[in-house]
Amino acid sequence: MIDDGEEIPLLGGDVTEGLVRVGDTVRRPPGERDDLVRDVLLHLEKAGFEGAPRYLGIDSAGRHALTYIEGEVAGRPRPGWIADEDRMVSVARLLRAYDDAVESFGLPAELPPVVEPPGLPELNDPPELVGHQDVTPENVVFRDGRAYALIDFDLVRPVSRCREVVNLMLWWAPFGDDADLDPQLRGLDRSRRCRLLADAYGLAEADRRRLVELAVGLNERAWYTMKYRAEVLGGGWQRMWSEGVGDTIRRRQQWLEANADALGSAVVSG
Ligand SMILES: Nc1ncnc2c1ncn2[C@@H]1O[C@H](COP(=O)(O)OP(=O)(O)O)[C@@H](O)[C@H]1O
Ligand SMILES: [Mg+2]
């Protein structure tokens, strides 16, 4: 039985409403990918992977209960350590460990519905594992200055390792125009940081060669997907859209295209 107790709202994320902490657990309201998230978390536990919450079951209110992971999570305003290279490298290592642990889970035969605009062209990027795909600063718990756990598995989906690393770089290099970044993340050498991230993840050479092109293709799709989700799902998606996420994605596209050569050669050069 999962205990009831005082409910403390967990803020800081963008999308999940009704997320609360109860003692040393968190309770997530039901969502469309619940079965996959549950199965992935149970697989990670069996695989002995420590860097994810444990799945505990369904509480009396029908919510999924997970363990609360103590540690530091970057909120807003961003903490001073957000640009720290050692922290960044530790996130890449954690993501690699997650991807390695989840690989034996395989690819689910049946996929939960993905809310995407119809007719969006497919990218040539065959999936290899069930990726996390949302490695934002808010979704990493740090302990002793190092990334300890990933949380928020709401966007898990079959993807390539290269796509996992693109998502990692998006938030931790990070990708985008300085004007769109938090003040602590401006003026960084993004080429150097991408190289460090690819190295810490241990990305294969062939993936390094196609990474920037994939990043550009994914960013282009993101604009259509975010717009569509705002229209169809409303809620946090609509809020992000009215706050201008679409323009941010457009400016990031220009930034990626302007920096493609520099990023590409930093990531591949021997
Ligand atoms: N299992 C957990 N352990 C520790 N903190 C958590 C956990 N789940 C959520 N949180 C905290 O709550 C915040 C929002 O949760 P999250 O699952 O990321 O929701 P959202 O979908 O809104 O991003 C996180 O940034 C984190 O600070
Ligand atoms: Mg989150």
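Student: Which strands form a hairpin with two residues between them?

Tutor: Strands of a sheet pair through backbone hydrogen bonds, either parallel or antiparallel. Here β2 and β3 form the hairpin, and G23 in its turn has a positive phi of about 60 degrees. Strands are DSSP runs of E with at least two residues, helices are runs of H or I with at least four, and both are numbered from the N terminus. Two strands pair if DSSP finds at least two bridges between them. Strand β2 (residues 20–22) meets β3 in the antiparallel sense over three bridges, with R21 opposite V26.

Tutor: A word on the source: this is a predicted model, in which local features need pLDDT of at least 70 and side-chain atom pairs count only at pLDDT 80 or more, while totals for chains, interfaces and linings use all residues. Residues are numbered from 1 along each chain as its sequence is written, chains are lettered from A and ligands numbered from 1 in the order in which they are written, and side-chain values use heavy atoms, leaving out hydrogens and water.

Student: Which way do the residues of β3 point?

Tutor: In a regular strand the side chains alternate between the two faces of the sheet. In β3 (residues 25–28), T25 and R27 point one way and V26 and R28 the other, and all are buried. Buried means under 20% relative accessible area, exposed over 50%, and partly exposed in between (1.4 Å probe, protein chains only).

Student: In what order do the five strands of the open sheet lie?

Tutor: The order is β1-β2-β3-β5-β4, with antiparallel pairing. At the edges, β1 (8–9) and β4 each pair on one side only. Two bridges join β1 to β2, where I8 has R21 as its bridge partner. Four bridges join β3 to β5, and R28 is partnered there by H64.

Student: Against which elements do the buried residues of α1 pack?

Tutor: An α-helix has 3.6 residues a turn, so residues three or four places apart point the same way. Helix α1 covers residues 34–46, and its buried residues include L36, V37, V40 and L44. The buried residues pack against β4 (55–58), β5 (64–67), α2 (85–103) and β6 (129–131), contact meaning heavy atoms within 4.5 Å.

Notes
Expected span 1.5 Å × (residues − 1).
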